[in-house]
Every structure is written in C-alpha cells, then in structure tokens.
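Work through the exercises below with the sequence and the model at hand. Each task is followed by its solution.

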Amino acid sequence: MGILDVVPAGVVTGKNLTKLYDYCQEHNFAIPAVNITSSSTVNACLEAARDSNSPIILQVSHGGSAYFAGKGVKNDKDQASIIGAVAAAHHIRTVASTYGVPVVIHSDHCAKKLLGWFDGMLDADEAYFKIHGEPLFSSHMIDLSADDKDYNIQTTAKYMARMAKINCLLEMEIGLTGGEEDGVNNEDVDNSALYTQPEDVYDVYKALSPIGNMFHIAAAFGNVHGVYKPGNVKLQPILLKHFQEYVQKQIGSTSNKPLYLVFHGGSGSTKEEVKEAVSYGVVKMNIDTDTQFAYLAGVRDYVLNKSGYLKTQVGNPDGDDLPNKKYYDPRVWVREGEKTLIARVIEANKDLGCINTL
C-alpha cells in the first residue's frame, strides 16, 4: 500500500491532509516544503515530486508571494502578497493533478506585523470553501514566536478556531528559528531562545487540541535559517523526542508520536540530523536556502558556458552571421535552473526517506 491508496493525487486538504501526515509518521518519512516564487519554481518542484514518486509541499512566503504578483505591485497594505499567494495557489491547483502526486499548498512564516497577509489568505480560503467545500490552501503558518508566549498561544488558538471551520491546518512556532529569511532577522537572538522547552510545547497542545487535531508545531531545537560554517549551528534533534515523550506522558497517549512536528531551517543540515529528526515524528521539513542556490546554479552555469552566444543577438563563436535566439530564449536558460532545482528537491526527498512512497 502507498500514499495514493490513502489520499488522492492533486491538492490535499482537510481529513486527507491529516491522513497524509499520519502515513508519514507510520512509515518514518517526512515531506520537503519548498518555498516557491514563480510558476517555474512550482513546476520544477512538481516535476521533482513526480520523478521521486512522492508528495510535495509547496509554500509561499510574504516576500515570495509579492514577487509572484509582480515586483511592480505596491505592497504597503500586503496587497501584492495577498494577490500573489492566491495566484500561486490557483496555479498550483490548476496543474497539480497533471503530475499525479499529492500536493500540499502552504504559506510560510507570518509574524505579527504580517497578519494582514494572513487574514487576506484566509478570506480567500473562506470564499473558496463556500463554493468548493474545501479551503484554497491546505494550510498556513502563523509565527508569533518573537512575541510573548501567552500572546503567541492565545492568538494562534483564535486563528485555529477560524481555520477549523474550513478544515484548514495551522502550523505554529514556539521558540525561535535563528538566522535570517525573507526579511525576518533573528541572527542576534540569545542562543537559549533557539531551544524550546517541553512544557512550552505542551502548553501549545493544551490550547489547540480542544479545537481539533489539524495543527503542526515548529518547536525550536537549535534551528537556523540559511547556511553557515560548520559548528555555527548546534542542532539537537533529541529535543524532538523529549517533546513527544513529555506530551505523551501528560495526555496518557498510547502513541509515541502524539505531535506533528516541523523542522525549520533544513538547508545545511547533515543527513544524520535530518534522519534523526524524522525518526521523532517530523512530518515536514522546510528547505529554501539550498533550493534557491540550486536554481541559481543551473542558470549561472549556462550563462558562463554559453557566454559567447549571449553577448549579441547575431554573431557567436561559430560564425559572425549566426543568430543566437535559441540560446537567449528564456525557455532555455530558465529550464537550466529548473533542472538543478529538481535535482536538489530529489536529494531532499532521499534525505527525508520520501522516495517511492506513492
């Protein structure tokens, strides 16, 4: 039996989404969550999932959403980010089933100052739900980890109550992810903030579980966004095991994985760290920095290798009167970026055990 015996291909929401994550835990693998910024990056990730015979999570950030709408669109009231996120979701829904894999549409970190973006996406979810009986997005992340813990948990619970009405899953963060990503900078935070306590995780569980089971917890275990020199990042995946054990004991669960856990800052992590984290119930790992670089690598190498064909429209090393259109056509050099992105996503799938799972 594979995933497609449990959930259908195409965009997965509601009960099918929890079935998908239950299957991940039961079979000891996690799904990569890749930040997308264009139809090109969406399609490349879907191709990687198809070629891996695996599901995929496609997620938009506030800045990535704005880019999807177009850099020329004003974003002073989050309008570009809202429009871009909705446009990305509709594009994914249009093409997802063509690739024959389950797809999760997700939005990434949303800090307090970006809640207008979050509200805009939920408005779109609710409108879509009225027509189709499911939300536009599969899930969203709210990240109030930089704020007071009580405010974080209480506000998260209020949003989850709203999302529960449309069967949309909520991801939240308790404890900080270090580094910098998409304009959110935690490079100078105290190291102690990068390690969540089991009691804090249980406080989240107590607040959210009465509302429902459709939530993920991104609990910090030394995670950092970006890639840094060896030794600068001290991940402690064993903390994830402690979180699960503590909650299991408190609620008297027979499951040793009562929580859906998320691994943030997956770029630059060792294969051993990833494997250990997955063994403790991680079902989703974010990967952005590495996939950004992978997309660049293909374009960069193409431009360097074909430089003699890209300087003018006519004239190249093969002849002064020969046209260069077939070299500078965006479909050619953008595709090179897609190829290297595809390879990096497949590598992530291998690290997470997410190969031939369908």
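Buried means under 20% relative accessible area, exposed over 50%, and partly exposed in between, with a 1.4 Å probe and protein chains only. The model is predicted: local features need pLDDT of at least 70, side-chain atom pairs count only at pLDDT 80 or more, and totals for chains, interfaces and linings use all residues. Residues are numbered from 1 along each chain as its sequence is written, and side-chain values use heavy atoms, with hydrogens and water left out.

**Exercise 1.** State what share of the residues of the protein chain counts as buried.

Solution. The chain has 358 residues, and 54% of them count as buried.

**Exercise 2.** Count the helices and strands, then judge the radius of gyration against the globule rule.

Solution. Helices (H or I, at least four residues) and strands (E, at least two) are DSSP runs, numbered from the N terminus. The protein chain has 12 helices and 14 strands. Its radius of gyration is 21 Å, close to the 21 Å that the globule rule gives for 358 residues, so the chain is as compact as a globular protein of that length. The radius is taken over C-alpha atoms, and the rule is 2.2 Å times the number of residues to the power 0.38.

**Exercise 3.** Describe strand 5 (residues 139-142) and its pairing with strand 4.

Solution. Begin with the side chains: Ser 139 and Met 141 point one way, His 140 and Ile 142 the other way, and all are buried. Next, the partner: strand 4 (residues 102-107) pairs with strand 5 in the parallel sense over 2 bridges, where pairing requires that DSSP finds at least two bridges between the strands.
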